[in-house]
Structure formats: structure tokens, C-alpha cells
Amino acid sequence: MYITASLLVCIYKYTNHGETMIMNIAQALIFKIAEKKTTRLLVYRSNSHMYAQLIDSSANVIVAASTLEPNIRKEMVNGGNVKAAALVGKVVGEKATAAGVSSVAFDRSGYHYHGRVKALAEAARSAGLKF
């Protein structure tokens, strides 16, 4: 997936600050994923927990996993680290393959592909998801 230069110009016209521009780029990527009508793997991270959801084209949640689930929580001490993110990615990947989903679009919600987000994505790939 890529952002065209005209899209960036349109976004930049309506923003005053760089932070707003970054958020608008993230929103533009979400719209581009929505246009494809594919299932997306949505990631949300807080300081203490990690969440992942598979959402279909009609905005229904197919599968969800987070560090708040009891089966994940008993395997870790802290929910806000790379190890916990990898565990959530593994669980969401396994649940997705059990639900019959094999190909998704990765929606990182504007987060950089680094650290916990990267660990979750790599674990989901190793569990069988393709993106």
C-alpha cells in the first residue's frame, strides 16, 4: 500500500501542524484499507496493555485478543512489553486461522512499525496470517 503525492498535498492543505498531518495520514491509510474491502488486523497499544482485533469490511469484529484475557495474562507478568505483544500476535493469528481468515491488511493505527507493534505483526505472521 502506498500514499500518492496528491493525497499528501490534500492532507497538508487542511492541516496546520505536523502532528495533525501524521494523524490524517494514518486516517487516510485506514480509508485505503477500507476501500479494498479486506479484513484488517487492527492494533492498539497502551502503556500497560496490547490489543489486536480482526475487523471485516462491514466493521464487524471477527476475532480479538488482548493482554487482559486470562489465558494470556497467566503466561506473562507485564502486558506492556514486546514479549506480551508477541503472545497477543500469536493468539490472534491462531484464532484467525481457526475462524478461516488467512489474509489480512495490517492496520497499525498510526503507530511506528517498531517494538511491540512489530513483535505482534511477526508473531501473527508466524501463526499463519498473511499481510
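This is a predicted model: local features need pLDDT of at least 70, side-chain atom pairs count only at pLDDT 80 or more; totals for chains, interfaces and linings use all residues.
Trainee: Before we start, what does contact mean here?
Mentor: Contact means heavy atoms within 4.5 Å.

Trainee: Thanks! Then what does Ile 62 touch, not counting residues up to four places away in sequence?
Mentor: Leaving those sequence neighbours aside, Ile 62 touches Thr 39, Leu 54, Asp 56, Ala 99 and Val 101.

Trainee: And where does Ile 62 sit?
Mentor: Ile 62 is in strand 3. With a relative accessibility of 34%, Ile 62 counts as partly exposed.

Trainee: What does Thr 39 touch, then?
Mentor: Again setting aside residues up to four places away, Thr 39 touches Leu 54, Ile 55, Asp 56, Ile 62, Val 101, Ser 103, Val 104 and Ala 105.

Trainee: Let's zoom out. How many helices and strands does the protein have?
Mentor: There are 5 helices and 4 strands. Along the sequence they follow the pattern α-α-β-β-β-α-α-β-α.

Trainee: And what share of the residues is buried?
Mentor: Of the 131 residues in the protein, 37% are buried. The accessible surface comes to about 7,800 Å², and carbon and sulfur atoms hold 55% of that surface.

Trainee: Switching to charges. How many salt bridges are there?
Mentor: The structure holds 2 salt bridges. One of them joins Arg 40 and Asp 107, whose closest N and O atoms are 2.6 Å apart. That pair links distant parts of the chain, with Arg 40 in strand 1 (residues 40–45) and Asp 107 in strand 4 (residues 105–107), 67 residues apart.

Trainee: Is Asp 107 buried or exposed?
Mentor: Asp 107 is buried, since its relative accessible area is 4% and the buried class is anything under 20%.

Trainee: Which residues make the salt bridge with a closest N and O distance of 3.4 Å?
Mentor: That salt bridge is formed by Glu 69 and Lys 95. Glu 69 is in the loop between strand 3 (61–66) and helix 3 (70–73) while Lys 95 is in helix 4, so the pair ties together parts that are 26 residues apart in sequence.

Trainee: How accessible are Glu 69 and Lys 95?
Mentor: Glu 69 counts as buried at 17% relative accessibility, whereas Lys 95 is partly exposed at 31%.

Trainee: Which residues of helix 5 are buried?
Mentor: In helix 5 the buried ones are Arg 116, Val 117, Ala 119, Leu 120, Ala 121, Ala 123 and Ala 124. Their cover includes strand 1, strand 2, helix 4 and strand 4.

Trainee: And what follows helix 5?
Mentor: Gly 128 follows helix 5, and its phi is positive, near 120 degrees.

Trainee: Last topic, backbone angles. Which residues other than glycine have a positive phi?
Mentor: Ala 59 has a phi near 65 degrees, and Ser 109 has one near 55 degrees. Ala 59 is in the loop between strand 2 (50–55) and strand 3, and Ser 109 is in the loop between strand 4 and helix 5.

Trainee: How accessible are Ala 59 and Ser 109?
Mentor: Ala 59 is exposed, with a relative accessible area of 60%. Ser 109 counts as partly exposed at 25%.

Technical notes
Residues are numbered from 1 along each chain as its sequence is written. Side-chain values use heavy atoms; hydrogens and water are left out. A salt bridge is a side-chain nitrogen of Lys or Arg within 4 Å of a carboxyl oxygen of Asp or Glu. Helices (H or I, at least four residues) and strands (E, at least two) are DSSP runs, numbered from the N terminus. Buried means under 20% relative accessible area, exposed over 50%, partly exposed in between (1.4 Å probe, protein chains only). Accessible areas come from the Shrake-Rupley method with a 1.4 Å probe; for residues, only the protein chains shown count as cover.
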